[in-house]
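Hi,

Here is the structure I promised to pass on.

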Amino acid sequence: MKILVCISKTPDTTAKIAFADNNTKFAAEGVQWIINPYDEWYALVRAIELKEADPSTSIHLVNVGTADSEPIIRKALALGGDEAFRVNSDNGDSFYIASQIAAIAKEGDYDLIFTGKETIDFNGSSIGGMVAELLDLPYISHAIKFDLESGKAVVVREIEGGEETDKVALPVVVSCQKGMAEQRIPNMKGIMGARTKPLKVTEPVAAESYTTVASFDLPPAKAGVKLVSPETPEELVRLLHEEARVI
Amino acid sequence: MSVLVFLDQADGHVKKSSFEAANYAAKVAGQLGTIAEAIVLGTVKDDLASLGNYGVKKVHTVADASLDNLDAQVYAKVIAQAVEGTSADVIIFSNNTAGKAIAPRLSVRLKAGLVSGAIALPDTSNGFTVKKTVFSGKAFANITVSTAKKIIALNPNSFSIVVGDGTAEVAAFTATVDTAKVEVASVNKIVGEVPLSEAEIVVSGGRGLKGPENWGLVTELATLLGAATACSRPVADIHWRPHHEHVGQTGLAIAPNLYIAVGISGAIQHLAGVNRSKTIVVINKDPEAPFFKAADYGIVGDVFEVMPKIIAAVKKLKGA
Ligand SMILES: Cc1cc2nc3c(=O)[nH]c(=O)nc-3n(C[C@H](O)[C@H](O)[C@H](O)COP(=O)(O)OP(=O)(O)OC[C@H]3O[C@@H](n4cnc5c(N)ncnc54)[C@H](O)[C@@H]3O)c2cc1C
Ligand SMILES: Nc1ncnc2c1ncn2[C@@H]1O[C@H](COP(=O)(O)O)[C@@H](O)[C@H]1O
């Protein structure tokens, strides 16, 4: 079994969100970078669990990014990836990134391609579906459980107000979220081993971008909280009914 | 040229988020001087002519029972045929689980730039630019689409529906439907519960509630208000509540009209998922809890004393 896990680099969840260059760029100064949580905690850890169940499995990682991504790629290798590809590029939209991942995937003949549900910075939830279409593979998004049964994938995915269990033959692209696995911390042996695992840098294939970011905005500041005394919570209900008109 | 909106259905009924998407599509069509048409796949029980009230002129149906379950690969191909059939230049989805599965595929198929998580009408004054949420609701990005065809996936609850008068023409659309590769083995829905992503009111609980045995305070208020229930991440992690209720940066991002946070501190990762709510109410015993800074209304008090009184007052208001 060969699994490809797509990992992206995102600002730490506590990073201050601010913009530079006339609101056209994320102000990255002093920001800590992490592996996108969905990619790490769910996609990668589930892949590692599948390898633990079947040691003949190999886990490849792919990141489309500059050399700045290498620390997060090494961390993913320390957690349990076997080898990694970095497609050396820093510009391009979701379609461009998906095209790069699809090119790597075509070379590798993977049984499974895992992505995160979404990146926590761009919130596209698009790249998994795009990769699947580029490879003409089925795609199951928002997976909360993934198992293999007699060569088929059995995937539980979230739907509005519930869950659905799907069965599909491999290969398949799956986007992963909470429920798939539990977060792990790399151990010393993993960290040492990661230093010598293969990290292959490739140049991007030609691909278009369909979209560009024109600018960023921050939401307007709140006016401030109106406090109601804990002695008279019924006053809150009145305000919600008569002033805010939301109940 | 036209604007085509995909209507997502479950159990034969068009989802609320799709009515919102339809109304949005009609507005976009107005901006572009054209009409909005809709496509719905599978067996539908609703009266589709009523989509006219949302501004849709024509609803195309592909009433093939094999489309009752979503296989994004099959759906994308059928919708691509409808795009061709209606000469649509702009295609609208709700950015719900179905939209997120189908729209990216369609984007590749049609070479159409996709803006997912849109929260406003496109700005067509200079090109075609759409505002979307980024950083899990902490900011917005204005995305310019440079392709001839464009796809917008609208975040649920981000556009106020204006219902008018009208009757849509309903017509069967003939499409080639591939055999699905994804077999749906079972569907497990929590019957009678309001789906969190579509809810107008959400009552949410945090670690301040001390244990699952106290959740009655949240669920009772939610039932009275017709609200969905949510929770903070640690609450889902320790299995006090099911994980699909977890909101925040690593959970669901929601934008209800009213979000009531009960015993939640308001960590930055939690706020990321809820700060687009129109009105935020915070009940917390700690006046320094960061959530108060993001709130519209608040009570500094003990949830075990305050909540029963709120529930009683809502009962009175609702005449229950
Ligand atoms: C990478 C990362 C991602 C994360 N993603 C998310 C996410 O998506 N969603 C999320 O929610 N969290 C997320 N977190 C966790 C987040 O940082 C907080 O730890 C979490 O939101 C706290 O949950 P809480 O408010 O329920 O608990 P606590 O922080 O323990 O707060 C409990 C609150 O209840 C109040 N309280 C206690 N007793 C009472 C009482 N009797 N009456 C009234 N008030 C009372 C306290 O004053 C306190 O403010 C993430 C963290 C990280 C590092
Ligand atoms: N630059 C990247 N390199 C590799 N994988 C990526 C990259 N960006 C996004 N992904 C993958 O695609 C998923 C969805 O991203 P998005 O469509 O941006 O929300 C992420 O969770 C990752 O698994």
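This is a predicted model: local features need pLDDT of at least 70, side-chain atom pairs count only at pLDDT 80 or more; totals for chains, interfaces and linings use all residues.

**Ligand 1**

There are 28 residues around ligand 1, and Arg207(B), Lys210(B), Ser232(B), Ser265(B) and Gln269(B) come nearest. Both chains A and B contribute residues around ligand 1, so the site is shared between chains.

The side chain of Lys210(B) has an N or O atom 2.7 Å from a nitrogen atom of ligand 1, and the side chain of Gln269(B) has an N or O atom 2.7 Å from an oxygen atom of the ligand. With Val303(B) it is the backbone that takes part: one of its N or O atoms there lies 2.9 Å from a nitrogen atom of ligand 1. On its own, ligand 1 exposes 980 Å², and the protein buries 80% of that. The elements giving two or more residues to this shell are helix H5 (233–237), H6 and helix H7 (303–318), all of chain B.

Ligand 2 has 18 residues around it, with Cys6(A), Asp39(A), Val64(A), Ser125(A) and Ser126(A) coming nearest. By class, that shell has seven nonpolar, nine polar and two charged residues.

- A polar backbone atom of Cys6(A) is 2.8 Å from an oxygen atom of ligand 2.
- A polar backbone atom of Val64(A) is 2.8 Å from a nitrogen atom of ligand 2.
- A backbone N or O atom of Thr119(A) is 2.8 Å from an oxygen atom of ligand 2.

Taken alone, ligand 2 exposes 490 Å², of which the protein buries 95%. E6, H3 and E8 of chain A each supply at least two residues of the shell, and E6(A) gives the most, with three.

Which space does ligand 2 take? It is the largest pocket, which holds about 1500 Å³ of space. Lining that pocket are 50 residues, and Asp90(A), Gly92(A), Ile97(A), Asp121(A) and Phe122(A) lie nearest its centre. Several elements of chain A give two or more residues to the lining, including strand E2 (9–11), strand E6 (58–65), helix H3 (94–108), strand E8 (112–116) and helix H4 (127–135). The lining is made up of 19 nonpolar, 22 polar and nine charged residues.

**The second largest pocket**

This one has a volume of about 760 Å³. It is lined by 24 residues, and the closest to its centre are Pro219(A) and Pro220(A) together with Gly137(B), Lys138(B) and Asn275(B). Helix H6 (residues 268–274) of chain B makes the largest share of the lining, at three residues. The classes here are 13 nonpolar, five polar and six charged.

**Cavities**

How many cavities of 30 Å³ or more does the structure hold? There are five.

The largest cavity has a volume of about 710 Å³. Its lining counts 47 residues, and those closest to the centre are Lys100(B), Ser197(B), Leu252(B), Ala253(B) and Ile254(B). Strand E10 (152–159) of chain A gives two or more residues to this lining, as do helix H3 (97–110), strand E14 (228–231) and H6 of chain B. By class, the lining has 13 nonpolar, 25 polar and nine charged residues.

The second largest cavity has a volume of about 100 Å³. Of its 15 lining residues, Ser94(A), Phe122(A), Thr211(A), Leu114(B) and Val115(B) lie nearest the centre. Two elements give two or more residues each, H3 of chain A and strand E7 (113–118) of chain B, and E7(B) has the largest share with four. The lining divides into seven nonpolar, six polar and two charged residues.

One residue to look for while you browse is Phe122(A): it is listed among those nearest the centre of the largest pocket and also among those nearest the centre of the second largest cavity.

Cheers

Conventions: Residues are numbered from 1 along each chain as its sequence is written. Chains are lettered from A and ligands numbered from 1 in the order in which they are written. Side-chain values use heavy atoms; hydrogens and water are left out. On a 1 Å grid over the protein atoms alone, a cavity is a set of points where a 1.4 Å probe fits but cannot get out, and a pocket is an open set with protein on both sides within 12 Å along at least five of seven lines; lining residues have an atom within 4 Å of a point. Grid points are joined across faces, edges and corners, and a volume is the space filled by probe spheres set on the points. Ala, Val, Leu, Ile, Met, Phe, Trp, Tyr, Cys and Pro count as nonpolar, Asp, Glu, Lys and Arg as charged, and the others, Gly among them, as polar. A residue is near a molecule or strand if one of its heavy atoms lies within 4 Å of it. A polar contact is a pair of N or O atoms within 3.5 Å; within protein, one must be able to donate a hydrogen and the other to accept it, and residues adjacent in sequence count only if both atoms are side-chain atoms. Accessible areas come from the Shrake-Rupley method with a 1.4 Å probe; for residues, only the protein chains shown count as cover. A molecule sits in a cavity or pocket if more than half of its atoms lie within 2 Å of its grid points.
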